[in-house]
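I opened this notebook to record, step by step, what I looked up in the structure and what I found there.

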Amino acid sequence: MTLAVFFGCAFIAFGPAFALFVFTVAKDPLRVIILIAGAFFWLLSLLLSSLVWFIAIKASNSQDLTLQRGLLIFGVFFSVLLQEVFRFAYYRLLRKATEGLAAISDDDGSAISVRQMAYVAGLGFGIMSGAFSMINILSDSLGPGTVGIFGDSQYYFIITALMTLALTLLHTFWGVLFFEGCEKSRWWVIAAVVSLHLLVAGLSLLNPLYEGSLPPVYGITLLMGVWAFFSSGGSLHSLNALCTRRKAEGESS
Amino acid sequence: MADHVENAVNNVSNDGTEVNRHTETTPSRNEVELNGQPPTARPPQVLTDSEEDEDEELTLKYGAKHVIMLFVPVTLCMVVVVATIKSVSFYTQKDGQQLIYTPFREDTETVGQRALNSMLNAFIMIGVILVMTLVLVVLYKYRCYKVCSLCSLYDAHRLFFHPGCRFMFCFLQVIQAWLFFSNLLLLFFFSLIYLGEVFKTYNVAMDYFTLAVIIWNFGVVGMICIHWKGPLRLQQAYLIMISALMALVFIKYLPEWTAWLILAAISVYDLLAVLCPKGPLRILVETAQERNETIFPALIYSSTVVWLFNMADSAETGNNSSHPVPQQENQVAMAPTAQPEDDGGFTPAWVNQQQHQLGPMQSSEDSRREIQELPSARPPPVEDDEERGVKLGLGDFIFYSMLVGKASATASGDWNTTIACFVAILIGLCLTLLLLAIFKKALPALPISITFGLVFYFATDNLVRPFMDQLAVHQFYI
């Protein structure tokens with residue numbers, strides 16, 4: 001507990017997202033706006049899914065624990081589906097905005113490409129999702145306490161931080177893939193993204209059996225990262241060029 | 001209190017950018033089309049149309065930049081308020097004291113009585129704000145028209161030349177004195193209390209002498225920056241600090257239900273006051289635009305101060321176009337050239353006397369740079385398109401921060417609610433600025449943001465919080 005755990009978990013969960021924000025988003029005002037609007041859309045989806053879950057809870061017997069757990073699982077899957085619906089809605093909104101932006105820009109094209117918007121929108125979703133999952137837990141970790149005093153796992157905080165990191169990155173990759181799929185009208189890509197999101201949420205249902213949830217989720221994250229990289233135009237050649245250019249620069253300097 | 005006068009101008013305006021834009025996109029014309037007044041040299045119609053398209057392009061292009069220019073100070077203000085609420089317990093303690101504007105107490109027996117009391121409180125508060133706004137607008141509008149610009153203190157000389165205005169002069173001085181006094185109160189007294197509470201929280205010992213030196217310096221520099229001239233960033237920082245202090249005062253002294261009702265009521269009031277044809281704030285903004293003046297710079301956060309300074313400067317010397325003013329027209333992009341017949345009270349004799357007493361009033365690049373401490377690598381701001389800024393009233397800052405502060409103070413969902421309200425307010429501000437770019441006139445900044453903020457506060461606190469808590473307990477991830 002206290003500061004060590006707080007800073008450790010905070011940096012694990014938000015370090016990469018913060019770095020991505022600072023290096024790729026912060027300098028461009030348009031990207032910042034798209035990021036915050038993405039966060040807003042995720043928030044809307046969460047709001048609606050919580051409303052549905054809340055109604056279901058109130059309409060049911062609060063003493064029946066298995067029913068409550070079942071309703072929670074239903075809430076999880078419904079929320080995932082709603083998030084993807086709102087991602088699609090955000091895609092439509094951004095497409096409309098791109099046309100407007102292209103018309104008023106003085107460059108040849110729009111000030112921002114759809115791929116960049118996809119990345120920033122995904123990052124917005126991821127940051128908001130991570131913030132909602134993690135910040136309350138972080139603020140609790142500042143105070144005194146013993147983790148797992150009633151027999152629960154001792155690794156609660158670190159596992160939460162790792163899962164939050166995975167989800168943030170996943171949302172970013174899914175954003176890229178989803179928009180790409182919508183652009184090229186490849187519906188199987190969209191279906192894959194949705195089903196993988198459902199799979200990840202389902203894997204998290206295995207908690208506290210962390211061996212069953214964390215490694216597969218990270219495997220999926222890696223897979224998504226590679227897929228998003230190739231989908232957005234990267235290639236082994238460009239990676240190679242990056243490395244050799246760096247080596248060449250290192251030699252010449 | 002400062003908030004009432006500040007609320008009088010809690011709207012977003014781009015009046016300056018509008019006038020600025022006209023001048024900058026048509027360098028060939030040296031006249032500016034003032035609102036409601038046709039320029040003396042009527043341009044050919046073709047030029048006006050293409051000029052309007054150009055204007056729209058430029059506006060939208062810089063729209064994103066303006067949004068960020070407002071996001072940053074609003075975020076900073078909220079961060080200060082939330083950080084204070086979370087760490088200093090003084091501002092969340094209810095010690096039974098209430099403001100005189102909310103006399104009814106909320107610790108009643110029945111819920112109905114409580115609701116009634118809070119509605120009465122909100123009603124009284126909005127009534128007070130309305131009355132003060134009306135007084136301000138009436139005084140501002142119906143003063144003697146021959147007198148211009150109330151931004152600098154030596155305007156007083158001019159006023160005495162017109163006998164009919166000596167009476168009005170007293171009222172204008174009253175407004176200025178009232179603003180001055182309320183800022184004084186905020187900068188010295190409230191920040192002293194704030195500092196004292198922070199020291200108590202962190203158990204820092206400090207002697208009175210050091211404290212006096214710190215508060216004295218803080219306050220005096222603040223008064224100078226806000227009411228006179230100072231570096232832009234410092235002025236912005238002070239405006240953010242006084243908004244945060246005011247929001248903290250509201251959070252402490254307004255009872256629960258009253259605070260929420262006031263937030264809802266004031267956004268409705270703002271909407272009506274700015275958009276209705278006879279709304280006081282609309283009259284105020286239009287009058288200021290007609291006279292091409294600034295509205296009480298101590299009440300508005302501006303992302304650029306350059307043109308404000310030029311405006312104040314040129315108002316004294318440029319109004320009489322028949323007088324051979326040595327002011328470079330091309331330097332001062334905001335030069336409002338009045339009709340030749342109306343010398344605005346600046347008889348040549350008087351202007352000569354001023355020139356003699358105060359020296360030539362030229363806004364040269366060097367003097368501007370000196371005063372505003374601009375980095376020397378930057379080109380002269382008046383010629384730079386990107387220096388057109390956007391303005392937001394301090395009342396908006398106060399109410400946004402008050403909403404987020406209350407969310408962090410009283411919500412049991414804690415940080416989730418705070419983050420949700422924060423994002424909601426920013427998105428509301430973004431939408432308001434988008435509307436501003438489309439409609440190009442002063443708009444109320446409160447309604448959209450406060451509505452989103454309130455909706456998200458209550459929804460997150462009651463719906464999302466139990467859901468997220470359950471998910472966190474089981475470590476399910478969505």
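Before listing neighbours I wrote down what a contact is: two residues count as being in contact when they have heavy atoms within 4.5 Å. I also noted that this is a predicted model.

**Entry 1: one residue and its neighbours.** I looked up A:Ile137, which is found in helix H4 of chain A. Leaving aside its neighbours within four places in sequence, I found A:Ile137 in contact with A:Tyr156, A:Phe157, A:Thr160 and B:Ala472.

**Entry 2: chain A as a whole.** I counted eight helices and zero strands in chain A, and reading along the sequence I noted the pattern α-α-α-α-α-α-α-α. The C-alpha trace of chain A spans about 65 × 45 × 30 Å along its principal axes. Of the 253 residues in chain A, 46% count as buried, and the accessible surface of the chain comes to about 12500 Å², with 69% of it belonging to carbon and sulfur atoms. When I took the contacts in chain A between residues at least 6 apart in sequence, I found that 76% of them join residues at least 24 apart.

**Entry 3: chain B as a whole.** For chain B I wrote down 17 helices and four strands. Chain B has 478 residues, of which buried residues make up 55%, and its accessible surface is about 20500 Å², 66% of which belongs to carbon and sulfur atoms.

**Entry 4: where the chains meet.** I next asked how many residues each chain brings to the contact. The answer I noted is 50 residues from chain A and 38 residues from chain B. Between the two chains an area of about 3700 Å² is buried, and carbon and sulfur atoms give 77% of that area. Looking for polar links across the interface, I found five residue pairs in polar contact, and my count of salt bridges between chain A and chain B was zero. On the side of chain A that touches chain B, the elements giving two or more residues are helices H2, H3, H4, H5 and H6 of chain A, and H2(A) provides the largest share, with 18 residues. Sorted by class, that side of chain A has 33 nonpolar, 15 polar and two charged residues.

Key: Residues are numbered from 1 along each chain as its sequence is written. Chains are lettered from A and ligands numbered from 1 in the order in which they are written. This is a predicted model: local features need pLDDT of at least 70, side-chain atom pairs count only at pLDDT 80 or more; totals for chains, interfaces and linings use all residues. Side-chain values use heavy atoms; hydrogens and water are left out. Buried area is the accessible area (1.4 Å probe) that two parts lose on being put together, summed over both. A salt bridge is a side-chain nitrogen of Lys or Arg within 4 Å of a carboxyl oxygen of Asp or Glu. A polar contact is a pair of N or O atoms within 3.5 Å; within protein, one must be able to donate a hydrogen and the other to accept it, and residues adjacent in sequence count only if both atoms are side-chain atoms. Ala, Val, Leu, Ile, Met, Phe, Trp, Tyr, Cys and Pro count as nonpolar, Asp, Glu, Lys and Arg as charged, and the others, Gly among them, as polar. Buried means under 20% relative accessible area, exposed over 50%, partly exposed in between (1.4 Å probe, protein chains only). Accessible areas come from the Shrake-Rupley method with a 1.4 Å probe; for residues, only the protein chains shown count as cover.
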